[in-house]
Amino acid sequence: MDRIRIEGGRRLVGEVSVSGSKNAALPQMVVGLLANGVSTLRNVPDLRDVQTMAGVLESLGASVAMQDGRVTVDARNFSNTEAPYDMVRKMRASVYVLGPMLARLKRAKVSLPGGCAIGPRPIDLHLRGFEALGATISIDGGYVIADGANMKGGEMTLEGPQGSSVGATINVLMAASLTPGRTIIRGAAKEPEVSEVVRMINLMGGRVNGSDSTTLEIEGVETLKPIVYSTIPDRIEAGTFLLAAAITGGDVMVRGARADHMNALLDKMIQAGCEIEVLPDGVRARRAGKVLPTSIRTLPYPGFPTDMQAQFMALLCLADGESIVTEGVYSERFIHVAELMRMGANIEMGRGEARVRGVPRLTGAPVMASDLRASAALVIAGLAAEGATEILRVYHIDRGYERIDEKLAGIGAVIARERALPGQTG
Ligand code: EPU
C-alpha cells in the first residue's frame, strides 16, 4: 500500500484549485438512474469512491464512462434488482441505489452496509422513508428486500437522534420524485449536496419544492429526462486546504471554493486567529499570529461539519490554550486522536468530546490513516510537525481527496508518495 511522507515545518503559500464534491457527485451519479437515457456529470473528482460507484451502477445494468472529470451514466439497461454485498461493503454510499431501484424497477435487494471506522451507521431512516411511501421492507440474510409495487406519495419525518440524515433525505427524495402523488419529507437535511440533488432532479423535469429548507414537498412525475449537470466544488476538500494554510502559518487561496457553503468553518477559523478573505473566485486563508483556542461542536448543516472535525482538531493541537471538540453527528468519530497524540498532541477523551490542550509543537511520526477525514487531519498535522511524518494506508485519503500530495506540493509542502512494492503491506 502507498505511503505519504511529509517533511513538516514549511509555510504553505500560493493557490490551489478545489475539485468537484465527492459527496455531491456520488448521489448525482445515482440520480442518473432515474432517467431512461444517458446523463452526463461534469466536474466529477477522480476518486476511488467515484470508481466504486461506477462499479455499483454497472452491476445494476447501467453503463458508466469516466474521462477528464466527465462521467456519463447510461441507464437504458438499468434492470438488475440486486446490489450484492461485495459491492456495497466497499462504500456505504452504495445504498443510494435503493431509491432509484424502488422507483423504476419496483423491487430491490440491497446488501445492508456494515459499520465503519467512524462508528455504527444505520440506514433505519432510509427504510422508514420508503415505508412511508408504501414500500414493504424486510431484512433477510444481511440484505434489505424491498417491494415498491404499491408505492404512492406519503408524509414522513426523517430525523434521527443526531438530527437530519443526508443519505436518507437524498434516497427517499430520489424514490419520491418518480412515485405518484405528493410526498412531504419533514426534518430533511439541508446540506448543499442535498440541495444540489434537488436542483438536478428539478432540471430533469422533477417537481421538488423547498430546496435549502427542512421540509421538502415532492410531486411525483412519470418520467425524468436525462441531463448534463456540473458538480459543485468540494467544501470539505477546500476547508482542508484552508486549514493546511492555517496550521503552517501560511497564506493560501483556494480557487473555486464557495464561501457560502463554508460559513461555520470560516467563522471558527477566524475565532482561531486566521484571516479569511472571500474573493469572487475563491477563499483565501492566512495566519500570522497565534492559534487561539476555539471550541467546536459538529452538527448537521449549517452547523460545523463533522467531516471537518478531525482537520480542525489538528489545528487546535497547536492552539495557545484549551479547546473542546464535541461530536454531535458521529459520537465515536475520534479515531485520529490516538494518532495525533503520537505526534505530541495533548488530548483527553471524554464521552463524545475531546479536550485539546494546545502544545507548542508537534513532532513527525509514523502514523496510520484509518478513515478519510482522520487521514486528512494527519496530513495537516504532518505539515506543521517538526521532522518527518509517514502516513500509512493512504488509500483512505485517496477515497476522497484527488491528488492531495500533488496539490499540497504545488503550494510548498514537502510531500511525496511512496508507491508500494508488490507484496508490501502497511
Ligand atoms: N443516521 C441514522 N439512521 C439513518 C441514517 C443516519 O441514525 O438511517 C445517523 C447517522 O448514524 C449519523 C447521522 O444520522 O449519526 C447523520 O448521518 P447521515 O445520514 O447524514 O450521513 P450519511 O448520509 O451516511 C454523509 C456523508 C458523510 C458525512 C455525513 C454527515 C456521503 C457519501 N457521506 O453520510 O461523509 O459525514 O453525511 O454530514 O455523503 C466523508 O465524506 O468522510 C463522510 C463520512
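1. How much space lies in the second largest pocket? In this predicted model, the second largest pocket holds about 270 Å³ of space. Helix H2 (48-59) and helix H14 (404-409) are the elements that give two or more residues to the lining of this pocket.

2. The lining of the second largest pocket is made up of Asp-46, Leu-47, Arg-48, Gln-51, Asp-398, Tyr-401, Glu-402, Arg-403, Asp-405, Glu-406, Arg-417 and Arg-419.

3. Arg-403, one of the residues that line the second largest pocket, deserves a separate look, for its phi is positive, at about 45°, although Arg-403 is not a glycine. The residue sits in the loop between helix H13 (395-398) and H14, and Arg-403 counts as partly exposed because its relative accessible area is 42%, which falls between the cut-offs of 20% and 50%.

4. A polar side-chain atom of Asp-124 is placed 2.7 Å from a nitrogen atom of the ligand, whereas Leu-125 brings a backbone N or O atom to 2.7 Å from a ligand oxygen atom. Asp-307 has a polar side-chain atom 2.6 Å from an oxygen atom of the ligand. The protein buries 89% of the 830 Å² that the ligand exposes when taken alone.

5. Asp-68 counts as exposed because its relative accessibility is 75%, which is over the cut-off of 50%.

6. Ala-65 lies within strand S4 (residues 63-67), and it is classed as partly exposed because its relative accessible area is 41%. Between Ala-65 and Gly-256 there is a separation of 191 residues in sequence and of 25 Å in space, taken from C-alpha to C-alpha.

7. A last point of backbone geometry concerns the peptide bond from Tyr-301 to Pro-302, which is cis, with omega near 10°. Pro-302 is found in the loop between strand S20 (296-297) and helix H10 (309-316).

Technical notes
Residues are numbered from 1 along each chain as its sequence is written. This is a predicted model: local features need pLDDT of at least 70, side-chain atom pairs count only at pLDDT 80 or more; totals for chains, interfaces and linings use all residues. Side-chain values use heavy atoms; hydrogens and water are left out. On a 1 Å grid over the protein atoms alone, a cavity is a set of points where a 1.4 Å probe fits but cannot get out, and a pocket is an open set with protein on both sides within 12 Å along at least five of seven lines; lining residues have an atom within 4 Å of a point. Grid points are joined across faces, edges and corners, and a volume is the space filled by probe spheres set on the points. Helices (H or I, at least four residues) and strands (E, at least two) are DSSP runs, numbered from the N terminus. A polar contact is a pair of N or O atoms within 3.5 Å; within protein, one must be able to donate a hydrogen and the other to accept it, and residues adjacent in sequence count only if both atoms are side-chain atoms. Accessible areas come from the Shrake-Rupley method with a 1.4 Å probe; for residues, only the protein chains shown count as cover. Buried means under 20% relative accessible area, exposed over 50%, partly exposed in between (1.4 Å probe, protein chains only).
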